[in-house]
Amino acid sequence: MKRNKDTIEQLFQNFENQWDTKTPKEGHLERFQDKLTLNKTTPKKTNWVPLSWAAVFLLIAGFIGFYQLNSAQSVSVDNWEQTSVQTKETHDYFASVVEKELQNLKKRKTPQSEEIITDALKQMEVFEKDYQKIIVELQKNGDTKQLLHALILNFQTRISFLEDVIKKIEIINQQKNIENEKSI
């Protein structure tokens, strides 16, 4: 404790002749209060013109961006001019397998499996959106290894997903049949 007291005393000794001990000029308090009241009563004016121009510019840029995004996505999916024959054949093969699996899934619709099938179809919509992006990139950039790999991976993911859902539906139906047999 004594050590802290010594350091404080040293601090005051260092600043001994540096303190402002002069009394302010006459009327200092009134001038200070006038400054305080002046700051309170004068509202700060906001110039809205630059802000409104910025808002208009952002709206226009947003509309242009939205329009370009929609036009980029509206490229025809059937336009395969820039892709090779092998890419077209691969696409056709996988698309037919996916369609066959989808039909197989829809045939298995029962009241017990309806919720699973609905969820699966929602997930297939997500896969379809990814697929559309890949197709647009293929049409813009042509056949690249990365895009072809992404296309094939998308199809393989769809097929394995549909097969898994069908297996789950079969398990549910088998369990239902076993329960029905036990109740007989």
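**Figure 1. Overall fold of the predicted model.** Helices (H or I, at least four residues) and strands (E, at least two) are taken as DSSP runs and numbered from the N terminus. The protein has six helices and zero strands, and its elements run α-α-α-α-α-α from the N terminus on. This is a predicted model, in which local features need pLDDT of at least 70 and side-chain atom pairs count only at pLDDT 80 or more, while totals for chains, interfaces and linings use all residues. Residues are numbered from 1 along each chain as its sequence is written, and side-chain values use heavy atoms, with hydrogens and water left out.

**Figure 2. Surface and contacts of the whole protein.** Of the 184 residues, 17% count as buried. Buried means under 20% relative accessible area, exposed over 50%, and partly exposed in between (1.4 Å probe, protein chains only). Among contacts (heavy atoms within 4.5 Å) between residues at least 6 apart in sequence, 75% join residues at least 24 apart.

**Figure 3. The largest nonpolar core.** A nonpolar core is a set of buried Ala, Val, Leu, Ile, Met, Phe, Trp, Tyr and Cys residues joined through side-chain atoms within 4.5 Å. The largest one has 21 residues, and those with the most contacts inside it are Val-98, Leu-105, Met-124, Leu-138, Leu-151, Phe-155 and Leu-162. Helix 4 (85-107), helix 5 and helix 6 each supply at least two residues of this core. In soluble globular proteins, nonpolar side chains tend to be buried together.

**Figure 4. Aromatic pairs.** Rings of Phe, Tyr and Trp (its six-membered ring) pair if their centres lie within 6.5 Å; planes under 30 degrees apart count as stacked, over 60 as edge-to-face and the rest as tilted. The count by this rule is four aromatic pairs. The ring centres of Phe-127 and Phe-161 are 5.7 Å apart and their planes lie at 75°, so this pair is edge-to-face. Phe-127 is in helix 5 (residues 114-141) and Phe-161 in helix 6 (residues 145-183), so the pair links distant parts of the chain, 34 residues apart. Phe-127 is buried at 12% relative accessibility, whereas Phe-161 is partly exposed at 23%. Tyr-93, Phe-94, Tyr-131 and Phe-155 form one aromatic cluster.

**Figure 5. Surroundings of Arg-158.** Arg-158 is buried, with a relative accessible area of 6%. Arg-158 lies over the face of Tyr-131, at 4.9 Å from the ring centre; the rule asks for NZ of Lys or CZ of Arg within 6 Å of the ring centre and within 35 degrees of the ring normal. Arg-158 also forms a salt bridge with Glu-128, with 2.9 Å between the closest N and O atoms. Glu-128 is partly exposed, at 31%.

**Figure 6. Salt bridge between Arg-108 and Glu-170.** A salt bridge is a side-chain nitrogen of Lys or Arg within 4 Å of a carboxyl oxygen of Asp or Glu, and the count by this rule is two. In the pair of Arg-108 and Glu-170, the closest N and O atoms are 3.3 Å apart. Arg-108 lies in the loop between helix 4 and helix 5 and Glu-170 in helix 6, so the pair ties together parts 62 residues apart in sequence. Arg-108 is partly exposed at 25%, and Glu-170 is partly exposed at 31%.
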